[in-house]
Every structure is written in structure tokens, then in C-alpha cells.
Amino acid sequence: MALSSPVSSCAHRRYNISSSSSRIRIRCSNERQALFNRISPVYDNLNDLLSLGQHRIWKRMAVSWTEAKKGDNVLDLCCGSGDIAFLLSEKVGLHGKVTGYDFSKDQLLVAASRQHLSLKACYNNIVWIEGDALDMPFPDTSFDAIAVGYGLRNLVDRPKAMNEIFRVLKPGSKVSILDFNKSASPFTTSIQEWAIDNVVVPVASNYGLAKEYKYLKSSIREFLTGRELEKLALETGFSHAKHYEIGGGLMGNLVATR
Ligand SMILES: C/C(=C\Cc1cc(O)c2ccccc2c1O)CCC[C@H](C)CCC[C@H](C)CCCC(C)C
Ligand SMILES: C[S@@+](CC[C@H](N)C(=O)[O-])C[C@H]1O[C@@H](n2cnc3c(N)ncnc32)[C@H](O)[C@@H]1O
């Protein structure tokens with residue numbers, strides 16, 4: 001099925017700055033929402049296959065960096081199919097609470113299905129809420145910890161997202177933001193882009209999702225480096241920010257303290 005690739009046009013097309021940027025951002029956001037709805041049936045399996053299961057290790061590291069503990073009230077922002085929410089659920093236990101938050105209804109349906117199919121009692125501490133990361137329905141200082149797995153890079157307004165994360169996080173608490181690393185090393189970048197072009201996209205094309213996974217490369221190119229992520233966090237008002245390169249530099253994790 002030939003798919004248009006509106007998402008990459010959002011990433012690549014140069015718009016006249018004077019035109020309504022908010023309208024463009026809404027269109028880009030709607031197209032990304034549709035993208036994640038489309039890939040929801042195969043998202044988990046392709047992540048396992050294409051990373052040889054390594055993404056689960058990277059997500060465990062991200063959750064560890066949140067320093068979430070028993071009884072905490074925590075947020076998995078841009079939760080998708082819920083991998084990180086399930087890890088947070090085990091961290092905070094039955095007396096804690098996990099909110100999985102995402103604007104993709106189909107991703108949330110997968111997450112809820114996985115929750116109900118699981119025999120783990122602690123997963124009863126998870127609630128799934130549909131909404132936009134740029135305008136969250138939560139009161140100020142709601143959460144003891146926040147994790148964002150492969151979400152920030154997909155948001156059309158990252159400063160606004162960081163402001164929302166700061167707003168809903170309790171003082172002294174941490175946000176842990178896992179994503180692809182926009183590396184300063186041309187060698188690492190070439191490895192990353194070769195893998196996407198020659199492994200990820202061809203495999204995804206077997207599911208009619210070549211355009212959706214091709215978006216990965218342009219989204220990483222348009223992302224922020226580790227240093228730029230630290231700078232964004234400090235400018236937002238976080239008291240401390242540190243970006244760690246993991247997965248041989250292919251991935252990165254920003255840890256910021258409010
Ligand atoms: C869990 C991972 C990616 C999640 C993800 C994030 C996005 O923004 C997407 C956008 C559009 C389509 C899909 C996604 C998406 O799945 C990371 C692992 C899965 C990656 C798809 C595979 C990345 C391969 C690495 C570049 C090389 C891995 C080398 C080695 C096997 C560790
Ligand atoms: C690559 S998936 C990551 C899912 C999960 N965190 C993981 O680590 O596998 C990115 C998720 O971010 C969500 N997302 C993107 N933009 C969003 C927004 N503005 N508001 C809420 N969710 C958003 C998508 O729907 C998608 O489920």
C-alpha cells in the first residue's frame with residue numbers, strides 16, 4: 001500500500017515563518033498521532049526484533065534513573081504500548097500509582113490489553129489516560145518521577161513539553177528522558193543511519209510501514225544533541241541536568257532534577 005509521507009514533509013519542508021506556525025504544528029502533531037496509531041499493531045514486536053531486545057535494557061536504565069520508589073505517584077509520558085509504565089509499576093508497587101499518558105488511542109489500547117493479559121497484580125496500579133503532552137490535565141507538582149521513552153523527539157514543541165514536565169513534577173524529583181542520541185560523532189551517526197536505511201526500513205516495509213520508519217532518520221537529524229538537551233532542561237528551570245550516552249552512543253538518556 002503506497003503511503004504518503006506527510007510526517008517527513010513536516011520535518012523537511014521549509015515554511016514561510018510568517019505563515020501560522022501553530023497551524024503547521026497542529027498538522028504535524030496530527031500526522032504523528034496517525035503514524036503511531038498505524039504502527040501500534042507491530043510496534044512492540046518490531047522494537048524487539050530491530051534492537052535485538054536491547055531496547056528493554058535501555059528502558060530499564062531510564063526507569064532506574066527516575067529513582068522512583070515504593071509508594072510513589074509516577075508518570076510514563078508518551079507511554080505508547082506501556083513498556084515503561086509496566087517497569088514503573090514494579091518499582092512503585094501496589095501502594096504506588098502509575099499514569100500512562102499518550103495521545104494515540106490505538107497505542108493505549110495495546111497497553112491496556114497487555115495490562116489485562118498480565119498476571120502481575122502490581123499492574124493494577126496503572127491507569128491509562130489519552131491526551132496531549134503539550135497540555136497535560138494534571139495539577140502542578142503531581143508526580144514523584146516522570147519517564148519519557150522515545151517521546152520528546154516526536155513532540156512538535158519541545159520547550160513547551162519541558163515546561164509541562166517541570167510544572168507537573170514535584171520539587172526535588174527527576175525526569176528521565178530516553179531517546180535516540182543525536183551524536184556529535186560522524187562515525188556513530190553513520191552507523192545509526194546505515195542501520196535505519198539498510199535494516200530498519202526494509203524490515204518495516206514488509207508490514208507496509210516503510211514511510212513510518214523512514215521518519216526515524218529525519219526525526220533524529222532534527223533532534224537535539226545531549227548538550228542541547230541539558231541546556232534546554234536548565235533553561236526550563238531544572239536545577240541539574242545530565243545526558244548519558246548508552247547503547248554504544250546510539251541512544252541517550254537525559255536525567256533532570258527539578
Ligand atoms: C525502542 C526504540 C525505538 C522506538 C521508536 C521510536 C520512534 O520515534 C519511532 C518512530 C517511528 C516508527 C517507529 C519508532 C520507534 O520504534 C529503539 C529500538 C527500535 C528501533 C526501531 C531500532 C533501532 C536500531 C538501531 C539504530 C541499531 C540497533 C543496533 C543493535 C541491534 C543494538
Ligand atoms: C516511539 S513511541 C514511544 C512509546 C513508549 N514510550 C516506548 O518507549 O516504547 C512515541 C509515543 O509518543 C506519543 N506521542 C507523540 N506525540 C505526543 C503528544 N504530543 N502527546 C502525547 N503523546 C504523544 C505517540 O503516540 C507514541 O505512542
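I looked at strand 2 and strand 3 (residues 126-130) first: they pair in the parallel sense over five bridges. (Helices are DSSP runs of H or I, at least four residues, and strands are runs of E, at least two, numbered from the N terminus; strands pair if DSSP finds at least two bridges between them.) G100 stands opposite W128 in strand 3.

Housekeeping: this is a predicted model, where local features need pLDDT of at least 70, side-chain atom pairs count only at pLDDT 80 or more, and totals for chains, interfaces and linings use all residues. Residues are numbered from 1 along each chain as its sequence is written, while chains are lettered from A and ligands numbered from 1 in the order written.

On the other partner, I found strand 1 (residues 73-77) and strand 2 paired in the parallel sense, again over five bridges. V98 of strand 2 is the bridge partner of V74.

Next I checked how covered strand 2 (residues 97-102) is: five of its six residues are buried (20 or more other C-beta atoms within 10 Å of a residue's own, C-beta atoms being placed from the backbone).

Of its 49 residues, V74, L77, L88 and I146 touch the most other members. Helix 5 gives the most to this core, with six residues.

Last, ligand 2: I get 21 residues around it (C-beta atom, placed from the backbone, within 6 Å), and the closest are F36, C78, G80, S104 and G149. Helix 2 (21-39) and helix 5 (83-92) are the elements giving two or more residues to this shell, and helix 2 gives the most, with three.

Notes: A nonpolar core is a set of buried Ala, Val, Leu, Ile, Met, Phe, Trp, Tyr and Cys residues joined through C-beta atoms within 7 Å. A residue is buried if 20 or more other C-beta atoms lie within 10 Å of its own, exposed if 12 or fewer, and partly exposed in between; C-beta atoms are placed from the backbone.
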